[in-house]
Amino acid sequence: MVIGAGPAGLSASRELVNMGMNVVLVERESYLGGTPKKLKYSLLFPELRPAGEVIDPLIKTVQESKNVKTYMETIVDGVKQEGNGFVVSLKDKKGATKTEKVSAIVAASGFEHFDSRRKYEYGYGVVPNIYQISDIERMLSENKLVTTTGKPPKRVAILLCVGSRDATIGNTYCSRVCCAVSTKQAMEIKERVPDATVHIYYMDIRTYGLMEDKLYWKSQLEYRVGFIRGRISEFMRGPNDTVIIKGEDTMNLNRALAVPYDMVILANGMELGLGSKQVAKALGLELEDHGFIKPMDPDRMPVQSTKKGIFLAGALTGPKTISDSITEGTAAAIKAYEYATKGIWEESDFNKKAMAQVVHH
């Protein structure tokens, strides 16, 4: 069984089918594709490929496979161990229940974006023309990047680390992708509105690995995106539905800021969503200190849960890129296949015998 039909779950399903397994795919929404489909992601960093080029082939493989039995608008309501396998209780949106017997489980139920309303001082949902990066993805995808005036923005501010690295709301971790997504969005905005001024307000920039030159430097050198290191304390409604940012420029002797913009974008990070919390409860899985699902060993066994026969993939164990989630889906599928076909486990008889021989010698 694969729980969740986002990038990780679709990848796991595809890999299991390719290895000749029958798959029961359970998805709580009415569509396949997870958050990228839900929010209509535009381009994916760092290659700036359309999201559909990556997600759609995974969806097509699952939809066309005769070896995938799909339950839509359905949740896992409970799990009972039966031998080395499981009896899983399913419940659809009408309350109808059904059980499936499976030999292994891959949990890949994903994440949710932080709701910026919880940072009330930022005015999201109250002050016009304040959006989240999750809102902007849809606007870019639909080519409807306009303010409440119906016109494209000429001055745009993007604020990083909203809902991440913030002890006041209980999220002390970095969401990992927000810097890259925000920089990508800044470049997309400049593509659509070349004469727009776009500023990114940051604590630190974390375009790690190969994204440094493809996003961070490219956005400045080719697109003239401005980066301002600052602390923003408040957003106020200005004349003609403009938004006034108030705070400090911490690179220039803590100079006070009061700058008007046509559009403000809050880079809201990742959290374990209600769906994944429900999955964790149903499967009896542990949560780690940041609220994500805890793997057996983050370094050596990142796709193995703390329960025998249940494997993990994607952002339910922590913030991840789509490419990392797809890779983990494949890895979890391989481990689930091994367990289902051979009963391989860290404490298997084979490994016990091998360890005994090492100790003996």
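Begin by selecting Phe311 and Tyr339, both of which are buried (under 20% relative accessible area with a 1.4 Å probe and protein chains only; exposed is over 50%, partly exposed in between). The model is predicted, so local features require pLDDT of at least 70 and side-chain atom pairs pLDDT 80 or more, while totals for chains, interfaces and linings use all residues. Residues are numbered from 1 along each chain as its sequence is written, and side-chain values use heavy atoms, with hydrogens and water left out.

**Aromatic pairs.** Rings of Phe, Tyr and Trp (its six-membered ring) pair if their centres lie within 6.5 Å; planes under 30 degrees apart are stacked, over 60 edge-to-face, and the rest tilted. Phe311 and Tyr339 form an edge-to-face pair because their planes stand at 65°, with the centres 6.1 Å apart. Phe311 belongs to strand β21 (residues 310–312) and Tyr339 to helix α8 (residues 322–342), so the pair joins distant parts of the chain, 28 residues apart. Helices (H or I, at least four residues) and strands (E, at least two) are DSSP runs, numbered from the N terminus. Next, select Tyr202, Tyr216, Trp217 and Phe227, which ring pairs link into a cluster.

**The core.** Display Val106, where contact means heavy atoms within 4.5 Å. Leaving aside residues up to four places away in sequence, Val106 touches Met1, Val2, Ile3, Ala12, Phe311, Ala313, Ala332 and Ala336. Val106 is also among the residues with the most contacts inside the largest nonpolar core, which has 66 residues. Such a core is a set of buried Ala, Val, Leu, Ile, Met, Phe, Trp, Tyr and Cys residues joined through side-chain atoms within 4.5 Å. Its largest share, seven residues, comes from helix α5 (residues 178–192).

**Helix α4.** Select residues 133–141, where the buried positions are Ile133, Ser134, Ile136, Glu137, Met139 and Leu140. Their cover includes β3 (43–44), β10 (112–113), β11 (130–132), α5 and β17 (263–268). After α4 comes Asn143, with a positive phi near 55°.

**Gln304.** Move to strand β20 (residues 301–305), which contains Gln304. Gln304 is buried at a relative accessible area of 5%, and its side chain reaches the backbone oxygen of Ile310 at 3.3 Å.

**Cysteines.** Finally, select Cys178. The whole structure has zero disulfides (pairs of cysteine sulfur atoms within 2.5 Å). For Cys178, the nearest cysteine sulfur, that of Cys174, is 6.7 Å away. Cys178 counts as buried, at 8% relative accessibility.

Terms used: Polar contact = N/O pair within 3.5 Å; in protein donor to acceptor, adjacent residues only side chain to side chain.
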